[in-house]
Amino acid sequence: MPKPNRVQVDALIVGGGVAGLWLLDTLHQAGYAACLLTAGDLGAGQTIASQGIIHGGTKYTLGLGLESAVTDLAEMPARWRASLDGAEAPDLTAARPLADRMHFWVPPQRGGKLLAKASSKLMRGEMRPVAAAERPAGLATVRGGEMFALNEIVIDVPAVLAAFAARHGDRIRQLPAGEQLAMQETADGVSCEAAGVQIFARRVVFTAGAGNEALLARVGLSDIPCQRRPLHQVIIGGMATALFAHCVGKSSKPLATITSHPDGAGGQYWYVGGLLAEDGVAQQPAELIAAARPELSRLLPSVDFSAASWATYRIDRSEHGGGGGLRPSSAVALSRGAYIIGWPTKLALAPRLAEQILELLRQQLPSPTAADLDGLRALPRPAIAQPPWQQALAWN
Ligand SMILES: Cc1cc2nc3c(=O)[nH]c(=O)nc-3n(C[C@H](O)[C@H](O)[C@H](O)COP(=O)(O)OP(=O)(O)OC[C@H]3O[C@@H](n4cnc5c(N)ncnc54)[C@H](O)[C@@H]3O)c2cc1C
């Protein structure tokens with residue numbers, strides 16, 4: 001008789017985006033037996049679609065007004081740097097960041113100098129002025145405008161996902177397409193079954209992003225509110241140089257936030273979020289592109305878009321709800337019976353969410369147990385998800 005595929009862990013993490021992966025490493029380092037199951041490719045969903053900016057909080061205090069503050073962000077650039085430099089776990093030394101700073105760009109405009117001064121005062125020295133001669137290519141020749149360097153790094157998301165997969169390959173598995181995880185709460189944990197593998201977990205942690213809604217419904221926890229806030233991002237292919245900048249105006253949000261991602265042929269894809277992507281939600285792709293072209297030319301005079309190709313990408317931000325549609329002020333972790341539910345709120349806050357969940361586990365399960373992960377071998381390993389610009393898009 002073949003041995004049934006059985007797995008026993010302290011924590012089964014459901015969802016392989018940045019939240020689940022950082023948590024897997026944290027729990028493993030703390031001695032807990034943990035494994036992760038995900039649907040689709042590793043990072044599919046918000047993580048691979050994100051711009052990879054490790055915000056230091058700046059984005060939320062610029063311009064003339066204050067948006068709802070996101071707490072805990074100020075420490076995140078240093079926290080991620082420690083991992084990217086190998087000084088702290090998780091070891092992400094294999095994932096070289098794309099940029100070691102974002103720029104805060106106030107394009108030439110009436111009142112621009114005053115705006116820059118007000119913002120820099122609000123930031124209390126967090127912004128370093130960048131002289132015109134030191135500006136990134138494409139902006140060096142613009143007359144006027146104000147530029148500052150911010151303490152915000154930009155990570156290479158696929159490389160970070162690959163670093164986690166390399167460290168924890170034996171503990172990460174994919175749910176075969178069409179397979180659901182069956183879960184039954186018992187007196188001392190949750191009995192789970194997926195594709196013939198039986199997993200007993202003392203705790204099940206949902207870090208499934210948009211998938212948290214359906215998982216909560218399946219285990220009778222639909223009363224926990226979830227929310228989605230949509231974005232319609234712009235992608236520009238064929239750019240000659242990289243740019244990492246929040247383009248700001250008289251609004252509490254950046255008009256356009258631009259990150260750049262190598263295309264493998266010496267050029268860059270520019271990935272554009274910010275107000276353009278929020279306002280773009282109501283627009284069809286062609287309308288959004290028609291609006292983005294003149295807006296970006298206005299914000300970035302002297303940047304040459306003549307060889308560019310344009311596409312758009314829709315994706316929702318998935319968060320804990322209940323705040324009247326506003327973004328939660330930090331990462332959120334909730335505990336209900338043998339289930340723990342987590343939303344990092346920002347990719348940058350994945351370390352904060354992992355700390356919160358570790359704290360809950362330490363209170364609930366002070367003594368970790370030994371893992372039995374052999375049965376996981378019956379399930380496939382996920383591939384790394386493709387970034388939006390490598391997916392099938394309509395370019396024009
Ligand atoms: C366009 C965009 C840009 C962004 N840019 C930034 C940024 O620059 N900086 C920043 O800090 N934040 C950014 N964010 C926010 C950030 O991406 C998210 O906060 C973060 O990635 C959420 O990670 P997560 O692991 O919780 O969810 P996800 O990345 O969505 O991962 C959840 C995973 O769970 C899997 N899953 C779903 N259902 C199930 C199921 N039933 N069983 C098993 N697995 C399941 C999914 O396939 C997915 O892989 C951005 C978001 C968007 C949409």
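1. Axes are lines fitted to C-alpha atoms, for helices over the stretch in contact, and the angle between two of them runs from 0 to 180 degrees between their N-to-C directions. With that in mind, one can read the packing of α1 against helix α9 (residues 350-364), whose axes lie 9 Å apart and meet at an angle of about 50°. Angles from 65 to 115 degrees count as roughly perpendicular and those under 35 as roughly parallel, which is why α1 is called oblique to α9. The crossing of these two helices, α1 and α9, is right-handed. Please keep in mind throughout that this is a predicted model.

2. Which residues make this contact between α1 and α9? From α1 come V18, A19, W22, L23, T26 and L27, and they meet A350, P351, L353, A354, I357, L358 and L361 of α9. Sorted by class, the residues of the contact of α1 with α9 are 12 nonpolar and one polar, with no charged residue among them.

3. The helix α1 has a further partner in helix α5 (residues 157-168), where the two axes come within 10 Å and cross at roughly 35°. Here α1 passes α5 in a left-handed crossing. The contact involves L21, L24, D25 and H28 on the side of α1, and F164, R167 and H168 on the side of α5. In this contact of α1 with α5 there are three nonpolar, two polar and two charged residues.

4. Turning to the chain as a whole, the protein is divided into domain 1 (5-47 + 159-225 + 321-382) and domain 2 (102-150 + 230-317). The centres of domain 1 and domain 2, taken over C-alpha atoms, are separated by 35 Å.

5. How many residues surround the ligand? There are 40 of them, and the closest are G15, G17, G45, G209 and G211. Domain 1 and domain 2 each give at least three residues to this shell around the ligand. At least two residues of the shell are supplied by each of α1 (18-29), β2 (34-39), α2 (46-49), β12 (226-239) and β16 (309-320). By class, the shell around the ligand holds 18 nonpolar, 20 polar and two charged residues.

6. Two details of the backbone deserve a careful look. Most residues other than glycine have a negative phi, and most peptide bonds are trans. The peptide bond from A89 to P90, however, is cis, with omega near -5°, and P90 is placed in the loop between α3 (76-84) and β4 (102-106). The residue A195, which is not a glycine, has a positive phi, near 50°, and A195 is found in the loop between β10 (189-194) and β11 (197-206).

Definitions and conventions:
Residues numbered from 1 in each chain as written. Predicted model: local features only at pLDDT ≥ 70, side-chain atom pairs only at ≥ 80, totals over all residues. Domains from an automatic or database assignment. Near = placed C-beta within 6 Å. Helix = DSSP H or I, 4+ residues; strand = E, 2+ residues; numbered from the N terminus. Nonpolar A, V, L, I, M, F, W, Y, C, P; charged D, E, K, R; others polar. Left-handed = near helix turned anticlockwise from the far one by under 90°. Contact = placed C-beta atoms within 7 Å. Parallel < 35°, antiparallel > 145°, perpendicular 65-115°, else oblique.
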